Amino acid sequence: MVSSPHEAMHRIFQEYPGLFSRVSEVLGVPFTAPVSATLLPTDLTEARPVERRIDTLLRIDTEDDETFLLAIEAQGKRDPDKPASWAYYLSFLYTKYRTPPLLLVVCQDRATAEWASRPVPIGPRKWPALTLRPLVVGPHNMPVIIDVAEARKDLALATLAAITHAGDPDIGAILKTLSAALRDAPEAIADPIVELTAQGLGNRPAADQWRNLVAVDLSFYTSPLSEEIRDEGRAEGRAKGLADAILLVLQQRGLAVPDEARERITTCDDTQLMSTWLSRAVTAASTEAIFTAE
């Protein structure tokens with residue numbers, strides 16, 4: 001499984017295109033709800049060998065017959081080259097599709113979000129030909145959802161909110177709320193949310209909290225993440241059982257087990273190697289002998 005906050009911050013709009021209309025309401029720039037959304041190619045590469053790719057690109061058709069292109073970029077840090085790239089993306093999209101483009105930038109820290117929110121005028125100071133004005137989602141404007149009923153009303157928005165607040169001190173409560181809201185959700189709805197949340201948390205400490213919540217609160221789901229967690233649990237159980245068996249055999253045979261050897265046995269997670277140690281423990285002349293010829 002790809003574990004990348006970058007992927008989750010834009011892929012969630014592929015899974016739930018209607019999420020954009022709710023996000024726009026949160027941002028105070030409401031767009032009417034889409035009646036359809038079409039995933040378009042993200043490759044903006046020109047004929048010359050310069051490759052340019054948007055993270056996610058959707059064509060949004062709204063209830064009031066408006067159509068626009070929604071380009072979604074996940075941004076993890078400030079990048080002085082990005083505004084020029086974003087302006088190029090929007091110009092290219094308008095040229096290629098003749099459809100109004102809109103850029104949505106998703107961030108996980110306030111400083112990056114504030115940087116990305118600044119309008120960028122393009123052209124002479126007295127008359128900028130263009131002004132880049134992205135819509136920006138981040139911890140500064142997404143709600144902190146710690147009410148289960150609120151999360152249950154809109155699971156996609158609750159998921160994006162959790163991802164953007166991955167570094168929030170209250171992330172434990174946010175994730176607990178999300179997992180509780182998923183308990184009554186059909187598996188087809190819960191599975192992508194479980195995976196996207198794991199991706200969005202990346203390697204932050206909150207990722208371990210989410211894994212524990214999935215293992216306990218959502219133990220009946222069979223998503224790749226939940227299966228991975230269960231497999232890890234089963235492997236840990238096998239390793240502990242083998243360690244106990246090795247120590248018991250050595251004890252029954254009256255062999256001394258130095259502290260260093262005991263720690264080596266009890267901290268090993270290679271069950272195949274531990275099975276070898278167990279076989280040797282039956283006939284070894286000393287505890288140290290079970291570790292030979294590894």
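**Buried residues, cores and a pocket**

User: Why does Cys268 count as buried?

Analyst: This is a predicted model, and in it Cys268 has 16% relative accessibility. Buried means under 20%, so Cys268 counts as buried.

User: What makes Cys107 count as buried?

Analyst: Its relative accessibility is 0%. Since the cut-off is under 20%, Cys107 counts as buried too.

User: Which residues have the most contacts inside the largest nonpolar core?

Analyst: Those are Phe13, Leu104 and Trp210, in a core of 51 residues. Helix α6 (residues 155–164) brings the largest share, eight residues. Another core, of 19 residues, lies apart from it, and Tyr88, Val105, Ala116 and Leu132 are among its members.

User: What makes Leu104 a contact of Phe13?

Analyst: Contact means heavy atoms within 4.5 Å, and Leu104 is on the list for Phe13, so they have heavy atoms within that distance. Leaving aside neighbours within four places in sequence, the list also includes Leu19, Phe20, Ile72 and Leu160.

User: How many residues line the largest pocket, and which lie nearest its centre?

Analyst: The lining has 21 residues, with Leu102, Thr131, Leu132, Arg133 and Pro134 nearest the centre. The space inside is about 470 Å³. By class, 16 of the lining residues are nonpolar, four polar and one charged. Helix α3 gives the most, four residues.

How values were computed
Residues numbered from 1 in each chain as written. Predicted model: local features only at pLDDT ≥ 70, side-chain atom pairs only at ≥ 80, totals over all residues. Heavy atoms only, no water. Core = buried A, V, L, I, M, F, W, Y, C linked by side-chain atoms within 4.5 Å. Buried < 20%, exposed > 50% of the residue type's maximum accessible area, 1.4 Å probe, protein only. Helix = DSSP H or I, 4+ residues; strand = E, 2+ residues; numbered from the N terminus. 1 Å grid on protein atoms, 1.4 Å probe; cavity = no way out; pocket = protein on both sides within 12 Å on 5 of 7 lines; lining within 4 Å. Points joined across faces, edges and corners; volume = space filled by probe spheres on them. Nonpolar A, V, L, I, M, F, W, Y, C, P; charged D, E, K, R; others polar.
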